[in-house]
Amino acid sequence: MRSITDLAARPAKLPRKERFVADVQISHGFMHAGYPIMMQTNSAPALINVKEAYKSGLWGAIHELGHNQQRGVWEFPPHTTECTCNLWSLYIHEEVLRFNRANAHPAITLEKRQARAKMYHSGGKDLKSWRMWTALETYMQVRTDCV
């Protein structure tokens, strides 16, 4: 959580605790952000197993924590709603869990990143297709060590 607040440029002590609630039936999707963050019960063991987190990652859980950090003033809805929350997933995987970027999530291998960029450019660079992973590529390029 310290790294979550560091990236958000917020004080380490948040106004309320971030909590995860696991249930067999949640109101929307596999996981969803909010207070508390909801997740399917089969996700709970991975969330509390530190060795497994360092081995397999926690992309989904961190993605939801990222949603809780998003602010409307720097979003470009609907294009970045599912993108900028992944800045936290990427950051935590690289800086805390020490994953190589290409191994942090199957969608950000170098091959998939290059294929998406090529498809976006050949498709006329239409804003309608600048979403989630394609938009995340834009943010990833801001870092000097993104390749």
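Here, buried means under 20% relative accessible area, with a 1.4 Å probe and protein chains only. This is a predicted model, where local features need pLDDT of at least 70, side-chain atom pairs count only at pLDDT 80 or more, and totals for chains, interfaces and linings use all residues. Residues are numbered from 1 along each chain as its sequence is written, and side-chain values use heavy atoms, leaving out hydrogens and water.

Let's start with the whole chain. It has eight helices and three strands, taken as DSSP runs (H or I of at least four residues for helices, E of at least two for strands) and numbered from the N terminus. Reading from that end, the order is α-β-β-β-α-α-α-α-α-α-α. Buried residues account for 40% of the 147 residues.

Now zoom in on H5 (86-96). Its buried residues are Asn86, Trp88, Ser89, Leu90, Ile92, His93 and Glu94.

| Helix | Residues |
|---|---|
| H6 | 101-104 |
| H8 | 132-140 |

H1 and H4 are packing partners of those buried residues too. Just past H5, arginine 98 has a positive phi of about 60°.

H5 also turns up at the largest pocket: H1 (2-8), H4 (59-69) and H5 each give at least two residues to the lining. H1 provides the largest share, four residues. The lining counts 21 residues, with Met1, Arg2, Ile4, Glu18 and Leu65 nearest the centre.

A pocket here is an open set of points on a 1 Å grid over the protein atoms alone where a 1.4 Å probe fits, with protein on both sides within 12 Å along at least five of seven lines; lining residues have an atom within 4 Å of a point.

Terms used. Buried < 20%, exposed > 50% of the residue type's maximum accessible area, 1.4 Å probe, protein only. Contact = heavy atoms within 4.5 Å.
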